[in-house]
Amino acid sequence: MLNIVLFGPPGAGKGTQSSLLIEKYNLVHLSTGDILRSEIAEGTLLGIEAKELMDKGKLVPDNVVIGMISSKLDKNVTANGFIFDGFPRTTEQAIALDSLLNRKNTSISTMVSLNVDDKELISRLLNRGKDSGRADDQNKEIIVNRINEYKEKTAPLKEYYFNQDKLTEVSGKGSVTEISKKLFELIDAL
Ligand code: B4P
């Protein structure tokens, strides 16, 4: 199985690159951000609680997102592999993911970290906020909170995957096609 963690700060291009990787490698896309937004759209209790945190740029509790991923893995037993987009975001989530995959006799193949500077991230997200309708993309202060949450809770995960010899760092600046070309090359070489 090909199991890829697509990693990076908010706005690094994880969602954008995921759609190209899914098409090329026939993988199942698991985006915790997308799953949470669909819970919000359906007005579920989980969605109502998540919205309050997401609108402030904060992370949703680990047990909530781990439960969501676990049930999605169970629903896709015949998949070629998965792209984890925006998950894991904390060490607890990474440990849980390793154990969920281990139970299915598989593991993470690689973790690709897309690196983009803060100025570019803020500009991309404010730009998307003009027509996305996403509350968390419309205000610079909230975007800065998201970047700070990333630096404090998520960026340390690079070391977690480095220690497993699975970390690859890629510049996320440049055109979408240039970046996807680099990702295809490194995945083909696995
Ligand atoms: P996510 O939905 O994961 O959103 P994101 O971090 O903003 O990244 P996204 O993938 O959408 O953006 P992309 O970089 O592709 O998370 C939203 C919130 O959900 C979090 O803040 C948190 O509250 C919650 N959440 C989600 N997962 C969680 C978890 N595991 N644990 C706890 N909480 C969780 O693209 C951004 C923009 O850049 C787009 O407009 C795109 O067109 C543009 N872009 C992309 N590539 C570009 C390029 N090369 N050049 C120029 N622009 C580019």
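# Briefing on a predicted protein–ligand model

A backbone N or O atom of Thr16 lies 3.1 Å from an oxygen atom of the ligand. When the ligand is taken alone it exposes 1,000 Å², and the protein buries 87% of that area. The structure is a predicted model. The points below begin with the surroundings of the ligand, continue with selected residues in helices, and end with selected residues in loops.

**The ligand and its surroundings**

- There are 30 residues around the ligand, and those that come nearest are Gly13, Thr32, Arg37, Lys58 and Arg146.
- Arg146 uses its side chain here: an N or O atom of that side chain is 2.5 Å from an oxygen atom of the ligand.
- Gly11, by contrast, is represented by its backbone, with an N or O atom 3.4 Å from a ligand oxygen.

**Lys14 in helix 1**

- Lys14 belongs to helix 1, which covers residues 14-25.
- This lysine is buried, yet it has no salt bridge.
- A polar atom of the Lys14 side chain does lie 3.1 Å from the backbone oxygen of Pro9.
- When neighbours within four places in sequence are left aside, Lys14 is in contact with Leu6, Phe7, Gly8, Pro9, Asp85, Gly86 and Leu114.

- Glu92 is part of helix 5, which comprises residues 91-103.
- Apart from neighbours within four places in sequence, Glu92 is in contact with Asp62 and Ile66.
- Glu92 and Asn102 stand 10 residues apart in sequence, and their C-alpha atoms are 15 Å apart in space.
- Glu149 is located in helix 7, which spans residues 140-154.
- Is Glu149 buried or exposed? Glu149 counts as buried because its relative accessibility is 13%, and the term applies under 20%.
- Not counting residues up to four places away in sequence, Glu149 touches Gly57, Lys58, Leu59 and Thr154. Of these, Lys58 is also listed among the residues that come nearest to the ligand.

**Ser71 in helix 4**

- Ser71 is situated in helix 4, made up of residues 62-75.
- With a relative accessible area of 32%, Ser71 is classed as partly exposed, because this class lies between the limits of 20% for buried and 50% for exposed.
- Ser71 and Ala41 are 30 residues apart along the chain, and 19 Å separates their C-alpha atoms.

**Backbone features in loops**

- The peptide bond that runs from Phe87 to Pro88 is cis, and its omega is near 0°.
- Pro88 is placed in the loop that joins strand 3 (81-85) and helix 5.
- Asn105 has a positive phi of about 55°, although this residue is not a glycine.
- Where is Asn105 found? Asn105 is in the loop between helix 5 and strand 4 (110-115).
- Asn105 is exposed, because its relative accessible area is 74% and the term applies over 50%.
- Asp165, another residue other than glycine, has a positive phi near 60°.
- The loop between helix 8 (157-162) and strand 5 (167-171) holds Asp165.
- Asp165 has a relative accessible area of 73% and is therefore exposed.

How values were computed:
Residues numbered from 1 in each chain as written. Predicted model: local features only at pLDDT ≥ 70, side-chain atom pairs only at ≥ 80, totals over all residues. Heavy atoms only, no water. Helix = DSSP H or I, 4+ residues; strand = E, 2+ residues; numbered from the N terminus. Buried < 20%, exposed > 50% of the residue type's maximum accessible area, 1.4 Å probe, protein only. Lys, Arg positive; Asp, Glu negative; His and termini not counted. Salt bridge = Lys/Arg side-chain N within 4 Å of Asp/Glu carboxyl O. Polar contact = N/O pair within 3.5 Å; in protein donor to acceptor, adjacent residues only side chain to side chain. Contact = heavy atoms within 4.5 Å. Near = heavy atom within 4 Å. Areas by Shrake-Rupley, 256 points an atom, 1.4 Å probe, with all protein chains shown as cover.
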